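Me: Hello! Could you walk me through this structure, one question at a time?
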Amino acid sequence: MNDAIRISSPADILGFIPHTLGFTPRESFVFLTLRENTLGATLRVDAPLFGDAVGFARSMVNYLAVDEQATAVLLAIYTDDAPAASAPRPFHDHVEAVIQELEIAGTPLKDAWLVTSEHWQNLLCDSDAGCCLPEPLESITDGQLNAELIFRGSSYQKEPGTTYALFTGPADTAEQIREALPGVLAGELHSGRTLWADALTRDGWTDPATAVALLACFQRPDLRDVMFCNVIDPEQPDAEGSGDLLIGQGIAPDWNRVDRAQELARLLIDAAPEGYRAPLLTLIGWLAYLKGQSSVAGDHFALAIADTPGYRLAELMEQLVNRGTIAPVAQDAATAYKRHR
């Protein structure tokens, strides 16, 4: 955010999580680092399905260690699974292992909550103490912080996963793109870059002719790559030697411009017939990766490959995300994503 937001209650923290992830998690562990009294990084992982609680906890601590300024950690577990008969809470062994490993790492677990589809409650207190009674989910969604984030323009999906509507535009759109391609392939990179730069800096660009021209530009791989790069570095003339930029190393993005690029890509997807959406899905996924939103990124890479089987850039980015790689830009508090008004 441009301006600091005040978080004063567990409900506020739980209200913040879907906004920072971009969706409401399900069957997930969500860790948030604390830097004294300030929220730091957010890490979401699938809820563990099997044993080896210690191995899971150590992996989480290794991920969280990326935030070198962290002084403590918060945890929210999203699940509708009932705890085992002998356990006081879901994932009891995993939670205990997380507590122990975080203590060893010097970033203790300060608090934790359980969130189900019906209620939320404290996960660490003694049930006999009466401090972990279930609270309604409305106390999260109706809270002041959630309202403020929405007022600032933030939104999120109610369910994890990503879908886009089937193409319902003019039947000859694919033909128009194919007819535009020879000119794009024969032209200079500068022409496509200029069209993309103009689209990123003005409103009202979404006339059908401009949409077709941009869709054709994204079908040319070397032009596509520099259009990706120009979201971060508008002056870069081509994508040669852009490996560090693509993995998010040594960059300080204009996040307003990144948000704008994602918005434009979504609008172009609506204008794109199936089979022409892979570059746009990959662009949205790549920018989500730079933001540290690995789940959103992975969803888009998978959709890109489904749209165009064997789409190489999406396959490479999917491998990067599946290895658990966090973009260097997202690891540095000075350059990490900050949602703007």
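Predicted model: local features only at pLDDT ≥ 70, side-chain atom pairs only at ≥ 80, totals over all residues.
Me: How many residues does helix H2 have, and what does it reach from its first C-alpha to its last?
Reply: Residues are numbered from 1 along each chain as its sequence is written, and side-chain values use heavy atoms, leaving out hydrogens and water. Helices (H or I, at least four residues) and strands (E, at least two) are DSSP runs, numbered from the N terminus. H2 covers residues 53–64, and the expected span is 16 Å at 1.5 Å a residue, taken as 1.5 Å times one less than the number of residues; H2 comes close to that, with 12 residues and 17 Å.

Me: Why do the buried residues of H2 line one face of the helix?
Reply: Buried means under 20% relative accessible area with a 1.4 Å probe, protein chains only. In H2 these are Ala53, Phe56, Ala57, Met60, Val61 and Leu64. They line one face because, seen down the axis, they fall within an arc (of directions from the helix axis to the C-beta atoms) of 135°.

Me: Which elements do the buried residues of H2 pack against?
Reply: Contact here is heavy atoms within 4.5 Å. The partners are S1, S2, strand S3 (72–78) and helix H3 (92–105).

Me: Which residue in S2 is the bridge partner of Phe31?
Reply: Two strands pair if DSSP finds at least two bridges between them. Strand S1 (residues 28–35) pairs with S2 in the antiparallel sense over seven bridges. In S2, the partner of Phe31 is Leu43.

Key:
Buried < 20%, exposed > 50% of the residue type's maximum accessible area, 1.4 Å probe, protein only.
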